[in-house]
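The following exercises concern a single protein chain.

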Amino acid sequence: DVEMGMTTIARITEDVNFNFEEMRDSLQGLGVEYGMGWENVSDIAIRWSQAGYNVADTLELTKSSLLALNTAELDAQYATQGLIAIMSQWQLKAEDLLPVIDKINKTADSYAITSQDIVDGLNRVGAAAKNAGMTIEETIGAITVLREASGRTGKEVGTALNTIFSYMTRDKTIKLME
């Protein structure tokens, strides 16, 4: 399993700094540090590599994802695919992910919303909110308020906000508002 996972990473990475043994040892170390099995660690690292990140960023992002698995109600798939989408929508760098995870976790700890609902909501509305000039913090706040007020899931709230922001930024709507 270890060799298969590493071979997959080696095949998809385009980083000239890739070293099979160093990457394997680093990933296994992260698994031990965060109490995760190789299956989760390699799955996460493969997804980050497939998203086009170099070796150093893949290790940093894998570490952040493993932390999210330990602190939030996310599984390995959501700790990568959902976070990859958020990073892409908001044009975040590898070092920006951990503070975003902290914001998501803090919000989920303080309000009647799960980290999964926030990630789902951000995935649905992220691009539209950014285009509307909102920050990621404001977007998390809007998702949280609507989730608590309506009782709807994060996906449903994100879809509703996406529709609202899309209509708000249309030329016809802007002219009407003016």
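**Exercise 1.** Determine whether Gln89 is buried or exposed in this predicted model, and describe its surroundings.

*Solution.* The relative accessibility of Gln89 is 18%. A residue is buried when this value is under 20%, so Gln89 counts as buried. Next, locate the residue: Gln89 belongs to helix H5, which spans residues 76-89. Setting aside residues up to four places away in sequence, Gln89 touches Leu122, Asn123, Gly126, Ala127 and Lys130. For Asn123 there is a further detail: its backbone oxygen lies 3.0 Å from a polar atom of the Gln89 side chain.

**Exercise 2.** Classify the arrangement of the rings of Trp48 and Tyr53.

*Solution.* The chain has 1 aromatic pair. The ring centres of Trp48 and Tyr53 are 5.6 Å apart, and a pair requires centres within 6.5 Å. The planes stand at 75 degrees, so the pair is edge-to-face. Both Trp48 and Tyr53 are buried.

**Exercise 3.** State which residues have the most contacts inside the largest nonpolar core, and list the contacts of Leu27.

*Solution.* The largest nonpolar core has 51 residues. Those with the most contacts inside it are Ile9, Met23, Leu27, Trp48, Leu66, Ile86 and Leu122. Apart from neighbours within four places in sequence, Leu27 is in contact with Met6, Ile9, Trp38, Val41, Ala45, Leu59 and Thr62.

**Exercise 4.** Identify where confidence is lowest and where it is highest in the chain.

*Solution.* The average pLDDT of the chain is 91, and 100% of the residues score at least 70. Confidence is lowest in helix H10 (residues 171-177), with a mean of 84, and highest in helix H8 (residues 136-150), at 96.

Technical notes. Residues are numbered from 1 along each chain as its sequence is written. This is a predicted model: local features need pLDDT of at least 70, side-chain atom pairs count only at pLDDT 80 or more; totals for chains, interfaces and linings use all residues. Side-chain values use heavy atoms; hydrogens and water are left out. pLDDT is the predictor's confidence in each residue, from 0 to 100. Helices (H or I, at least four residues) and strands (E, at least two) are DSSP runs, numbered from the N terminus. A nonpolar core is a set of buried Ala, Val, Leu, Ile, Met, Phe, Trp, Tyr and Cys residues joined through side-chain atoms within 4.5 Å. Buried means under 20% relative accessible area, exposed over 50%, partly exposed in between (1.4 Å probe, protein chains only). Contact means heavy atoms within 4.5 Å. A polar contact is a pair of N or O atoms within 3.5 Å; within protein, one must be able to donate a hydrogen and the other to accept it, and residues adjacent in sequence count only if both atoms are side-chain atoms. Rings of Phe, Tyr and Trp (its six-membered ring) pair if their centres lie within 6.5 Å; planes under 30 degrees apart count as stacked, over 60 as edge-to-face and the rest as tilted.
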